[in-house]
Amino acid sequence: MIEMREKDFSSAITLKERAVSFLQLVAAGNVREAFQRYTVPEFYHHNPYFRGDAESLMTAMEENAAENPNKIFEVKHALEEGEIVAIHSLVKQNKEDIGAVVVHICRFQDERIVEMWDVGQPIPENSPNENGVF
């Protein structure tokens with residue numbers, strides 16, 4: 001039987017899988033667990049609506065999770081290139097919400113997220129684009 005040490009197992013998980021897991025935990029309301037598992041203590045972000053530190057973003061994410069306990073997060077595409085991962089997703093605050101298209105870009109350092117960007121746009125009810133948003 002081959003025994004895998006913790007370090008061996010953790011490095012078997014791709015950065016793309018780590019980023020998706022981080023976002024899934026956040027969407028499920030497990031914000032502190034997500035940050036503890038997947039980010040470095042020096043984590044910072046570029047969301048223009050909050051201060052750039054981890055604590056400010058965690059607080060905002062926790063407030064959003066409390067207000068929207070039935071959030072839906074669907075990954076549509078996940079791309080990994082070097083230390084950068086981009087996740088293209090559908091985010092709905094609840095089942096009736098038409099949703100938004102969101103792209104999270106995470107920069108990793110030593111298998112943990114050190115920096116994050118997020119951009120999004122609401123999905124319009126009546127779009128002239130016959131291809132849809134995905």
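1. Ground rules. This is a predicted model, where local features need pLDDT of at least 70 and side-chain atom pairs count only at pLDDT 80 or more, while totals for chains, interfaces and linings use all residues. Residues are numbered from 1 along each chain as its sequence is written, and side-chain values use heavy atoms, with hydrogens and water left out. On accessibility, buried means under 20% relative accessible area, exposed is over 50%, and partly exposed is in between (1.4 Å probe, protein chains only).

2. You'll find two aromatic pairs in the structure. Rings of Phe, Tyr and Trp (its six-membered ring) pair if their centres lie within 6.5 Å; planes under 30 degrees apart are stacked, over 60 edge-to-face, and the rest tilted. One of the pairs is Phe22 with Phe35, edge-to-face at 5.2 Å centre to centre and 65° between the planes. Phe22 belongs to helix α2 (residues 15-27) and Phe35 to helix α3 (residues 31-38), so this pair ties together parts 13 residues apart in sequence. Helices (H or I, at least four residues) and strands (E, at least two) are DSSP runs, numbered from the N terminus. Phe35 also pairs edge-to-face with Phe43, at 5.2 Å centre to centre and 85° between the planes. Together Phe22, Phe35 and Phe43 make one aromatic cluster. As for burial, Phe22 has a relative accessible area of 0% and is buried, Phe35 is buried at 5%, and Phe43 is buried at 3%.

3. Lys76, with two contacts to look at. Its charged end sits over the ring of Phe134, 5.2 Å from the ring centre. The rule for that is NZ of Lys or CZ of Arg within 6 Å of the ring centre and within 35 degrees of the ring normal. Lys76 also forms a salt bridge with Glu74, with the closest N and O atoms 2.9 Å apart. A salt bridge here is a side-chain nitrogen of Lys or Arg within 4 Å of a carboxyl oxygen of Asp or Glu. Both residues are partly exposed: Lys76 at 34% relative accessibility and Glu74 at 33%.

4. Most residues other than glycine have a negative phi. Asp110 has a positive phi of about 55° although it is not a glycine, and Glu111 is another non-glycine residue with a positive phi, near 65°. Asp110 is in the loop between β4 (100-109) and β5 (112-122), and Glu111 is in the loop between β4 and β5 too.

5. Other salt bridges. The count comes to seven. Among them, Glu115 bridges to Arg107, with 2.7 Å between the closest N and O atoms. Glu115 is buried at 8% relative accessibility, and Arg107 is buried at 19%. Bridges that share partners also join Arg32, Glu55 and Glu62 into one network. Arg51 pairs with Asp53, the closest N and O atoms being 3.9 Å apart. Here Arg51 is exposed, at 64% relative accessibility, and Asp53 is partly exposed, at 29%.
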